Amino acid sequence: MSNADQKLTILPPGHPLEGRVSPPGSKSITNRALLLAGLAKGTSRLTGALKSDDTRYMADALRAMGVTISEPDETTFIVTGTGKLSAPEKPLFLGNAGTATRFLTAAAALVDGTVVVDGDQHMRKRPIAPLVTALRALGVTIEAKTGCPPVTVNGTGDFTGDHVTIDAGLSSQYVSALLMAAAGGSRPVNIELAGEEIGARGYIDLTVAAMRAFGAKVTQASPSVWQVAPTGYHATDYVIEPDASAATYLWAAEVLTAGRIDLGVAAEAFSQPDAKSYEVIASFPHMPAVIDGSQMQDAVPTLAVLAAFNETPVRFVGIENLRVKECDRIRALSTGLSNIRPGLAIEEGDDLLVASDPKLAGQTLPADIDTFADHRIAMSFALAGLKINGITILDPGCVAKTYPRYWDELASLGVGLEGDRP
Ligand SMILES: O=C(O)C1=C[C@@H](OP(=O)(O)O)[C@@H](O)[C@H](O)C1
Ligand SMILES: C=C(OP(=O)(O)O)C(=O)O
């Protein structure tokens with residue numbers, strides 16, 4: 001049986017979920033730290049790291065470009081760079097890891113030679129044209145025929161331009177990618193946002209913080225302009241905080257079952273954007289009528305499934321770019337929720353309206369949830385299975401993208417799982 005044919009049915013526990021579950025390391029921070037350590041000369045020790053599909057793709061791509069990476073335990077990478085990435089022999093295959101794909105596309109300009117950045121069939125539908133255009137403006141010879149991966153970068157090891165304007169409407173990762181690569185060139189570079197606002201600005205803050213930890217000098221000249229000095233990076237030891245997006249499932253499981261799950265870390269301690277969702281989750285079953293998802297995008301699937309059990313309906317706005325994530329998440333959420341109960345969610349343009357029905361809890365409503373190979377759709381719909389009998393998650397193994405132990409952690413809290421446990 002292929003992974004995609006596997007099915008896992010969640011058995012509602014019928015009791016509050018209680019216990020201790022530590023979320024894994026942050027995907028976003030792990031993939032930034034791996035890249036920056038790989039660009040640095042010397043040895044960096046990254047602790048608290050995530051080991052999952054997305055970070056394995058990043059680590060293996062860096063290995064293919066001459067970086068030595070060892071893994072002494074489940075949460076540590078020891079990274080030794082030479083201060084220069086070398087051209088890989090084969091295309092870099094990055095699965096559906098958006099961070100690895102975008103970050104390495106820009107970093108490939110620092111390689112003297114050809115780098116092909118490619119991914120799986122889902123990644124090949126995720127836009128990268130704005131980043132390609134921006135890199136061209138910095139003098140990089142680069143092509144992405146379809147506007148999505150594969151991308152061919154013929155780098156010279158440097159940039160010839162010193163100012164670039166980037167349209168980050170589809171993804172903040174384009175800005176992060178340019179910022180991190182810019183410090184590896186031989187001249188200062190100004191990076192300017194095309195529009196005033198940007199979804200998930202908090203991810204840019206994460207990037208700048210990680211760059212500074214590895215010795216870069218980044219100045220915010222205005223809310224939409226960053227100046228990056230050509231410092232290169234210093235090897236350093238770096239502690240990675242737990243993943244805030246992974247934490248959202250545990251926070252939601254706690255409020256849905258009126259339980260008590262100890263994550264070992266307070267919501268206020270996270271520097272990642274999705275931690276903002278804690279307040280909304282804690283307001284359950286009185287969630288706000290309108291939730292702006294633009295600054296906590298990866299938490300929206302969690303919030304949308306939770307909203308189905310809220311006292312009153314919830315409209316999600318500011319979520320347009322959920323259509324170009326691992327799958328079209330607006331569609332996956334409206335389809336999955338309506339599969340549980342017709343009309344439970346509808347799309348209005350790029351808004352998602354969740355009708356809400358507290359009486360769903362305790363019912364038997366058999367539904368096979370198509371996850372579209374998207375880890376967040378699998379993990380969020382499992383939450384519905386905590387309260388409704390008959391929720392079956394298709395392709396449950398897709399959680400390996402960012403949270404390989406997810407099913408084990410639910411089981412450790414006393415949730416019954418029937419079927420193909422990955
Ligand atoms: O920079 C990052 O680490 C991320 C940025 C966000 O993506 P977009 O900027 O594409 O919205 C987020 O959805 C993704 O999971 C991680
Ligand atoms: C959007 C996501 O991932 P990425 O863009 O890094 O593939 C995510 O993890 O929800």
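The model is predicted, so local features need pLDDT of at least 70 and side-chain atom pairs count only at pLDDT 80 or more, while totals for chains, interfaces and linings use all residues. Residues are numbered from 1 along each chain as its sequence is written, and chains are lettered from A and ligands numbered from 1 in the order in which they are written.

**The two ligands**

- Ligand 1 is surrounded by 13 residues, and the closest are S28, S171, S172, Q173 and Y203.
- Two or more residues of that shell around ligand 1 come from each of α3 (98-107) and α5 (173-182); helices (H or I, at least four residues) and strands (E, at least two) are DSSP runs, numbered from the N terminus.
- The shell around ligand 1 splits into 2 nonpolar, 10 polar and 1 charged residues.
- Ligand 1 also has shell residues from both domain 1 and domain 2, so it lies between them.

**The two domains**

- The protein chain is divided into domain 1 (3-24 + 242-419) and domain 2 (27-239), with bounds that come from an automatic or database domain assignment.
- Between the C-alpha centres of domain 1 and domain 2 there are 30 Å.
- In the interface, 18 residues of domain 1 are in contact with 19 residues of domain 2; two residues are in contact if their C-beta atoms, placed from the backbone, lie within 7 Å.
- The side of domain 1 that touches domain 2 consists of 8 nonpolar, 7 polar and 3 charged residues.

**Helix α10 with helix α11**

- Two packed helices are described by the angle between their axes and the distance between the axes.
- Helix α10 (residues 329-340) and helix α11 (residues 375-384) have axes that come within 11 Å and cross at roughly 25°; axes are lines fitted to C-alpha atoms, for helices over the stretch in contact, and angles run from 0 to 180 degrees between N-to-C directions.
- α10 and α11 are therefore roughly parallel to each other, on a scale where angles under 35 degrees count as roughly parallel, over 145 as roughly antiparallel, 65 to 115 as roughly perpendicular and the rest as oblique.
- R329, A332, G336 and I340 of α10 make the contact with R376, I377, F381 and A384 of α11.
- That contact of α10 with α11 contains 5 nonpolar, 1 polar and 2 charged residues.

- Helix α4 (residues 129-137) packs with α5 at an angle of about 30°, and their axes are 9 Å apart.
- α4 is therefore roughly parallel to α5.
- On the α4 side P130, L131 and A134 meet Y174, A177 and L178 of α5.
- The contact of α4 with α5 has 6 nonpolar residues, no polar and no charged ones.
- Helix α2 (residues 53-64) and α3 have their axes 8 Å apart and pack at an angle of about 30°.
- This makes α2 roughly parallel to α3.
- D54, Y57, M58 and A61 of α2 meet T99, A100 and L104 of α3.
- By class, the contact of α2 with α3 has 5 nonpolar, 1 polar and 1 charged residues.

**Backbone details worth a look**

- Most residues other than glycine have a negative phi, and most peptide bonds are trans.
- From P149 to P150 the peptide bond is cis, with omega near 5°, and P150 lies in the loop between β8 (141-143) and β9 (151-156).
- A cis peptide bond with omega near 10° runs from F284 to P285, and P285 is in the loop between α8 (277-282) and β16 (290-292).
- S356, a residue other than glycine, has a positive phi near 75° and sits in the loop between β19 (351-354) and β20 (364-369).

Note on methods: Ala, Val, Leu, Ile, Met, Phe, Trp, Tyr, Cys and Pro count as nonpolar, Asp, Glu, Lys and Arg as charged, and the others, Gly among them, as polar. A residue is near a molecule or strand if its C-beta atom, placed from the backbone, lies within 6 Å of it.
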